Amino acid sequence: MTRKLITDAQNTWCPGCGNFALQHTIKNLLADRENEGKSLDDVVLVSGIGCHAKIADYLNINSFYSLHGRAIPAATGIKLANPALTVICCVGDGDAYAEGLDHLIFAAKRNIDITVIVHNNRVYGLTTGQYTPTSPLGFKGKSTPSGTAEYPINPVELMLASGAGFIARGYTRKMEPLKGLIRAGIDHKGFSFIDVLQICATFFPVTDYYDARVYDLPAPGKPDFEAACALAREWDYNSDARIALGIFFKRVLPTFEERMITRPLEKEVHDRAIREFLETRI
Ligand code: SF4
């Protein structure tokens, strides 16, 4: 019997919130998985704290509602305890790029086989509109009525520098491509990172801004680190440049759990993987 994937919990997201698109994108992806005869019992959703985190209440799937900034270590522990599980980790930009930033960097560095989806609305929505690490310079919110005096970080560039093997960007108003990106991230063997431009209808409603600038990247070819860096810098989360959606970089290396518990890595396999990785940086 097909599982009812949306729970009966009262939904408190604002009308027009991009979290609905992410919720239904993941729901559709899970339904596809079930239709392909795969069990959903081996899928675990981990969330942090923030508006995004309520997705753990709203999707009828195994889930773990963690602490602010601590969703990634919880997901890492779950994957290490049972590497057969598919672990999807939903986090917010305040969650993953501020308090939990170190966990994000180390998960990428370790290449733990989890999929991190950042609901990046570029504002703290749950606490009514303070600026986050990806808010643009001059952003006016509850904590910065005269505008921020900081430039945002560029999470795509940061993930490249951290060694992530799958780096993508999606948009909540492009649900079908977003589903494809999340699926590709889940299918990728190793750490996968998807920064999702999520509309906050109440505190940062930039739909028109994104709609006018987004464009699709071609399917990824041979890994090219320098080209990916150049692409990541095209839009710095502050300028008015065009905004690429799709996969920026993809390469496969042995995962953390393989190194840690499944089997000791043979030197030859390790050396070849490192050589291939370094070739992408030349
Ligand atoms: Fe969504 Fe923003 Fe409302 Fe939070 S505050 S539920 S992110 S629209």
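**Aromatic residues and nonpolar cores**

Let me start with Phe-204, which at 11% relative accessibility counts as buried, meaning under 20% relative accessible area with a 1.4 Å probe and protein chains only, where exposed is over 50% and partly exposed lies in between. Please keep in mind that this is a predicted model, in which local features need pLDDT of at least 70, side-chain atom pairs count only at pLDDT 80 or more, and totals for chains, interfaces and linings use all residues. Residues are numbered from 1 along each chain as its sequence is written, and side-chain values use heavy atoms, with hydrogens and water left out.

The structure holds eight aromatic pairs, a pair being rings of Phe, Tyr or Trp (its six-membered ring) with centres within 6.5 Å, called stacked with planes under 30 degrees apart, edge-to-face over 60, and tilted for the rest. Phe-204 and Phe-139 make an edge-to-face pair, at 5.5 Å centre to centre and 75° between the planes. Phe-139 also counts as buried, because its relative accessibility is 6%.

Turning to the cores, sets of buried Ala, Val, Leu, Ile, Met, Phe, Trp, Tyr and Cys residues joined through side-chain atoms within 4.5 Å, the largest has 50 residues, and Val-116, Leu-160, Ile-167, Phe-191 and Tyr-210 have the most contacts inside it. Another core, of 27 residues, lies apart from it and has Ile-26, Leu-29, Tyr-58 and Ile-182 among its members.

Tyr-210 also belongs to one aromatic cluster with Tyr-171, Tyr-209, Trp-235 and Tyr-237.
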